[in-house]
Amino acid sequence: RPLFDAPGLAVEDPCVFVIDGHYEMIAKDLNGKTAGELHAGIHLLSRDGVAWDFAPEPKAYSRQVRWSDGQVRTLANLERPFVLVQDGVPTWMFAAMGEGATGGPGVFGALQRTWNGVIPLGA
């Protein structure tokens, strides 16, 4: 059976990691109903890796990314996140990113530029 059986929940690209003996997951919110933003990320918690609950703040990340020069840009895609945990602390999120048209079928064909990026966490 599916791990998630919440009405209207549609996710992909899960990244599972362990902190202090429990599991955490971030995943892409395909319809934006949980994160409140289309294709943003959601955050879930589990003691056993089978039964999952939303974190107290369910939005894990946004497609709005602040660059090192302070500029904020909304990416067309932020895909397949991976969290690096160092000494029990999530420190960086790696992801495939893209600029161009957003939303709708065939969006990958409308991307103008793609790359792998890294976002600092907790800073």
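Trainee: Okay, which side chain meets Glu 99 in a salt bridge?

Mentor: Arg 73 does, with 2.6 Å from N to O. A salt bridge here is a side-chain nitrogen of Lys or Arg within 4 Å of a carboxyl oxygen of Asp or Glu. Before you go on: this is a predicted model, where local features need pLDDT of at least 70 and side-chain atom pairs count only at pLDDT 80 or more, while totals for chains, interfaces and linings use all residues. Residues are numbered from 1 along each chain as its sequence is written, and side-chain values use heavy atoms, with hydrogens and water left out.

Trainee: Good to know. Where do Glu 99 and Arg 73 sit, and how many residues apart are they?

Mentor: Glu 99 is in strand S8 and Arg 73 is in strand S6 (residues 72–74), 26 residues apart, so the pair links distant parts of the chain. Strands are DSSP runs of E with at least two residues, numbered from the N terminus. Arg 73 is partly exposed, because its relative accessibility is 23% and that class covers what falls between buried (under 20% relative accessible area) and exposed (over 50%), with a 1.4 Å probe and protein chains only.

Trainee: How many salt bridges does the count come to?

Mentor: The count comes to 6. Four residues are even linked in a network: Glu 12, Lys 28, Glu 79 and Arg 80.

Trainee: Let's do sheets. What is the order of the open sheet of 3 strands?

Mentor: S7-S8-S9, with antiparallel pairing. Its edge strands are S7 (77–86) and S9 (111–120), each pairing on one side only. From one strand to the next the twist averages 15°; axes are lines fitted to C-alpha atoms, and angles run from 0 to 180 degrees between N-to-C directions.

Trainee: How many bridges join S7 to S8?

Mentor: 8 of them, and S8 covers residues 89–100. Two strands pair if DSSP finds at least two bridges between them. Glu 79 turns up again here, standing opposite Ala 96 in S8.

Trainee: Which residue stands opposite Phe 17?

Mentor: Glu 24 in S2. S1 and S2 are joined by 7 bridges. Over on S3 (residues 41–46), 4 bridges connect to S4, and Ile 42 stands opposite Lys 59.

Trainee: And how many residues lie between S3 and S4 in their hairpin?

Mentor: 6 residues, and Gly 49 in that turn has a positive phi of about 80°.

Trainee: Switching to the surface: which residues make the nonpolar patch?

Mentor: Phe 82, Trp 92, Phe 94 and Val 118, for about 360 Å². Patches take residues with over 30% relative accessible area and no salt bridge, joining like charges within 9 Å and nonpolar side chains (Val, Leu, Ile, Met, Phe, Trp, Tyr) within 5 Å. The areas are Shrake-Rupley values with a 1.4 Å probe, and for residues only the protein chains shown count as cover. Phe 94, in strand S8, is partly exposed at 35%.

Trainee: Last one: what is Gln 64 in contact with, leaving aside neighbours within four places in sequence?

Mentor: Glu 37, Val 72, Arg 73 and Thr 74, where contact means heavy atoms within 4.5 Å. Gln 64 is in strand S5 (residues 64–66) and is partly exposed at 49%. Gln 64 and Glu 37 are 27 residues apart along the chain, with 9.9 Å between their C-alpha atoms.
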